[in-house]
Amino acid sequence: MDAQLLVICLLTFVIHLIGTLAYAARIAGVRTRRIAMSFALFNVLVLVSRTANGFLGPFLAKRVENRLQFGGGEALVADFRMVLVSASLAVLIGIVLVPTAQRLFAVAIGHFQHHRSMGRMLLRTASPTGLRVIRESIAAPARGTVTGLGKPRGVSWFVLVANALAQALLVVGVLASIYAGYLNPEFRVTASQLSAVINGVATILLFALIDPQVSVMTDDVVDGKTSEAEFRRTIVWISFSRLAGTLIAQAVFVPGALAVAWIAGAF
């Protein structure tokens with residue numbers, strides 16, 4: 001693995017780790033009963049993840065341009081699959097870190113509620129007190145959460161499958177579009193722009209099908225209609241469906257790139 005590919009894999013890892021840990025903000029909101037604040041924190045994390053994803057495209061495009069100019073394009077598929085492995089690994093580690101993250105988010109919500117300053121909250125994180133809070137918040141997933149996954153989930157299989165497909169599209173959208181530029185170099189600019197269409201479809205799925213379900217369930221927890229334990233199980237299942245999405249992306253990457261290359265040439 002060369003330095004350029006290592007940077008791409010690390011950036012991909014950070015993007016998907018942040019995206020997975022964002023779910024912990026919802027759990028923290030339920031625990032602290034600061035729902036609006038937790039949603040704001042969730043949206044900030046998602047925005048950071050999506051913005052970082054925008055930097056990933058130029059790195060990948062540069063790699064394709066180099067292969068087109070200097071050869072060695074037969075290794076691109078393996079390179080892109082390594083990037084997808086980084087995404088899966090990040091989601092898996094993120095799932096393990098959710099208990100730690102939810103405790104940290106609960107502290108962050110309380111601190112922001114008192115001081116009303118994001119800057120002070122970030123500065124506190126780097127202080128000795130903040131480092132102590134981070135150390136004390138480290139926790140492994142509870143055994144009861146793992147053994148209780150067979151109990152009611154709170155969301156249907158349809159929602160979980162839709163989330164997996166949406167996450168697969170988000171993961172593979174940029175990768176397939178840029179690799180399509182290698183397959184059809186005459187229209188590589190058109191192919192790269194099609195990633196916005198793919199990501200748009202995935203975003204619509206997320207905001208139209210998945211987010212409303214989680215939001216309604218959050219309100220049910222606050223109203224006492226649903227237990228916090230069931231809500232945590234729901235978040236775990238949604239996290240696992242995100243992991244499944246990264247694995248599905250491995251299967252649809254090459255067919256998706258071929259389809260994008262064909263569409264780019266058909267315009």
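**Note on the predicted model: helical segments and nonpolar cores**

1. In this predicted model, residues 157–182 are 100% helix and 0% strand, with 37 Å between the C-alpha atoms at the two ends. The UniProt record, an unreviewed entry, assigns the feature "transmembrane region" to this stretch and also to residues 40–61, 82–101, 194–210 and 243–264. Of these, residues 82–101 are likewise 100% helix and 0% strand, and their end C-alpha atoms lie 27 Å apart.

2. The largest nonpolar core contains 36 residues, and the members touching the most others are Phe42, Phe105, Ile210, Val214, Phe231 and Ile235. Two or more residues of this core come from each of H1, H2 (35–70), H3 (76–115), H7 (157–183), H8 (188–222) and H9 (228–266). The greatest contribution is that of H1, which supplies 9 residues.

3. Phe105 illustrates the contacts made by one member of that core. Setting aside residues up to four places away in sequence, Phe105 touches Leu21, Ala24, Ala25, Ala28, Leu41 and Leu45. A separate core of 24 residues lies apart from the largest one, and its members include Leu5, Val64, Phe80 and Leu175.

4. Leu5 belongs to helix H1, which spans residues 3–32. Leu5 is classed as buried because its relative accessibility is 5%, under the 20% cut-off. Beyond neighbours within four places in sequence, Leu5 contacts Arg63, Asp79 and Val83. Although Leu5 and Asp79 are 74 residues apart along the chain, their C-alpha atoms are separated by 7.2 Å.

Definitions and conventions
Residues are numbered from 1 along each chain as its sequence is written. This is a predicted model: local features need pLDDT of at least 70, side-chain atom pairs count only at pLDDT 80 or more; totals for chains, interfaces and linings use all residues. Side-chain values use heavy atoms; hydrogens and water are left out. Helices (H or I, at least four residues) and strands (E, at least two) are DSSP runs, numbered from the N terminus. Buried means under 20% relative accessible area, exposed over 50%, partly exposed in between (1.4 Å probe, protein chains only). Contact means heavy atoms within 4.5 Å. UniProt positions are given in the numbering used here, feature names are shortened, and annotations may be inferred rather than shown by experiment. A nonpolar core is a set of buried Ala, Val, Leu, Ile, Met, Phe, Trp, Tyr and Cys residues joined through side-chain atoms within 4.5 Å.
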